[in-house]
Amino acid sequence: MRANTISSTFEEGAAVREQLAAFLADPPTIDPAADLTPDVLPTGGIPGTWVDGSGRTPHSAGVTIYAHGGGFTYSNPPMEQIMAHRFSQATGRPVFAVAYRLAPAHPFPAAMDDIVAAFKSLVRQGVPPKRILLVGESAGGTLVLSTLLALAAAGDPLPGGAVPVSPVTDFTESSPSIKANKARDVIDPDIMGPVGPTYLAGARPDQAPQSPLFGEFHGLPPILIPVGTDEVLLDDSVRFAEAAAAAGVDITLDLYEGMTHAFHATVLFDEAEHLPTATTFLTRLAEWVRRLD
């Protein structure tokens with residue numbers, strides 16, 4: 001396992017929190033140059049949005065499948081399109097942002113099944129599995145890891161890599177950081193309490209693929225996990241990375257010093273307004289993807 005600490009100053013951490021707090025008052029808008037061409041490729045009936053900032057095609061470059069965050073229950077399409085555009089620029093691939101089904105109306109495994117179906121549809125149409133990346137944040141990061149485990153368990157082809165940002169990996173809430181970082185993070189673990197039961201709807205919290213930590217990791221593709229050291233979910237990432245590395249997975253853990261949950265969302269703002277953390281996040285993502293290629 002490669003563990004990298006991304007250093008930052010107290011002032012940078014404060015600036016990230018301030019910028020994140022500005023979302024409601026002054027939400028960012030998508031770059032007019034972003035290509036929102038619909039239906040680049042069929043996705044097995046799974047709804048979503050194609051966003052491209054790479055200028056390449058799925059068959060020549062591959063595809064990044066993006067699973068948004070939102071506690072498995074919430075979607076914000078305008079912000080997700082901007083994030084998809086940033087991921088497209090960093091990964092050098094068109095992005096399919098999956099509009100997966102949401103709990104509580106559609107609990108586990110509905111959202112995971114939607115991502116699996118979109119992946120398989122792209123493969124059937126000739127996109128090489130190894131040219132497909134899975135990327136997601138928070139709940140979407142969990143779904144990315146769950147999708148990997150579901151595909152592996154079924155003996156299906158696997159994507160070339162996965163980037164779960166700040167995922168939940170253990171719905172038993174056993175990670176020490178849930179309590180240790182309660183006063184540091186922007187999310188309160190007491191408020192997070194209902195998220196797991198709402199999403200699982202009776203599925204066991206100590207089993208995979210819903211809780212990826214309990215999965216079988218042998219044979220999984222390379223994984224990059226960015227996470228903030230002030231997050232209540234810090235140890236969900238650390239514990240998963242340690243377990244996956246012990247199983248022989250090529251895994252990189254990027255620890256962003258002093259950063260809270262959703263720190264990476266600063267990439268949503270205009271590039272001219274990017275804080276150092278946003279620039280570093282996108283640069284490291286791009287470098288990691290180039291290593292895969």
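# A friendly tour of a predicted model

Histidine 264 lies in the loop between strand β8 (251-256) and helix α10. Here, helices (H or I, at least four residues) and strands (E, at least two) are DSSP runs, numbered from the N terminus. This is a predicted model, in which local features need pLDDT of at least 70 and side-chain atom pairs count only at pLDDT 80 or more, while totals for chains, interfaces and linings use all residues. Residues are numbered from 1 along each chain as its sequence is written, and side-chain values use heavy atoms, with hydrogens and water left out.

- Is histidine 264 buried or exposed? Histidine 264 counts as buried because its relative accessibility is 4%; buried means under 20% relative accessible area, exposed means over 50%, and partly exposed is in between (1.4 Å probe, protein chains only).
- Leaving aside residues up to four places away in sequence, histidine 264 touches Met83, Glu137, Val165 and Phe281. Contact means heavy atoms within 4.5 Å.
- Alanine 262 is also placed in the loop between β8 and α10. Alanine 262 has a positive phi of about 70° although it is not a glycine, and at 26% relative accessibility it counts as partly exposed.

**Two helices that pack together**

- Two packed helices are described by the angle between their axes and the distance between the axes.
- Helix α3 (residues 77-91) packs against helix α10 (residues 276-292) at an angle of about 45°, and their axes are 8 Å apart. That makes α3 oblique to α10.
- To read that word, note that angles under 35 degrees count as roughly parallel, over 145 as roughly antiparallel, 65 to 115 as roughly perpendicular and the rest as oblique. The axes are lines fitted to C-alpha atoms, for helices over the stretch in contact, and angles run from 0 to 180 degrees between N-to-C directions.
- Which residues make the contact? Helix α3 contributes Arg86, Phe87, Ala90 and Thr91, while α10 contributes Phe281, Leu282, Leu285, Ala286 and Val289.
- The residues of this contact divide into 7 nonpolar, 1 polar and 1 charged. Ala, Val, Leu, Ile, Met, Phe, Trp, Tyr, Cys and Pro count as nonpolar, Asp, Glu, Lys and Arg as charged, and the others, Gly among them, as polar.

- Strand β2 (residues 48-51) pairs with β4 in the antiparallel sense over 4 bridges. Two strands pair if DSSP finds at least two bridges between them.
- Valine 51 has valine 95 as its bridge partner in β4.
- Strand β3 (residues 63-67) and β4 run parallel and are joined by 3 bridges. Isoleucine 65 stands opposite phenylalanine 96 in β4.

**Salt bridges**

- How many salt bridges are there? The count comes to 12, where a salt bridge is a side-chain nitrogen of Lys or Arg within 4 Å of a carboxyl oxygen of Asp or Glu.
- One of them joins the side chains of arginine 101 and aspartate 114 (2.9 Å, N to O). This pair links distant parts of the chain, 13 residues apart, with arginine 101 in the loop between β4 (95-98) and α4 (110-124) and aspartate 114 in helix α4. Arginine 101 counts as partly exposed at 36% relative accessibility, whereas aspartate 114 counts as buried at 6%.
- Arginine 131 and aspartate 293 meet in a salt bridge through their side chains (2.8 Å, N to O). Arginine 131 lies in the loop between α4 and β5 (132-137) and aspartate 293 in the segment after α10, so the pair ties together parts that are 162 residues apart in sequence.
- Aspartate 170 forms a salt bridge with arginine 239, and the closest N and O atoms are 3.0 Å apart. Aspartate 170 is buried at 2% relative accessibility, whereas arginine 239 is partly exposed at 25%.

**Backbone details to look for**

- Phenylalanine 108 and proline 109 are joined by a cis peptide bond with omega of about 10°. Proline 109 is found in the loop between β4 and α4.
- Another cis peptide bond runs from alanine 208 to proline 209, with omega near 10°.
- Phenylalanine 72, in the loop between β3 and α3, has a positive phi of about 70° although it is not a glycine. Phenylalanine 72 is buried, with a relative accessible area of 2%.
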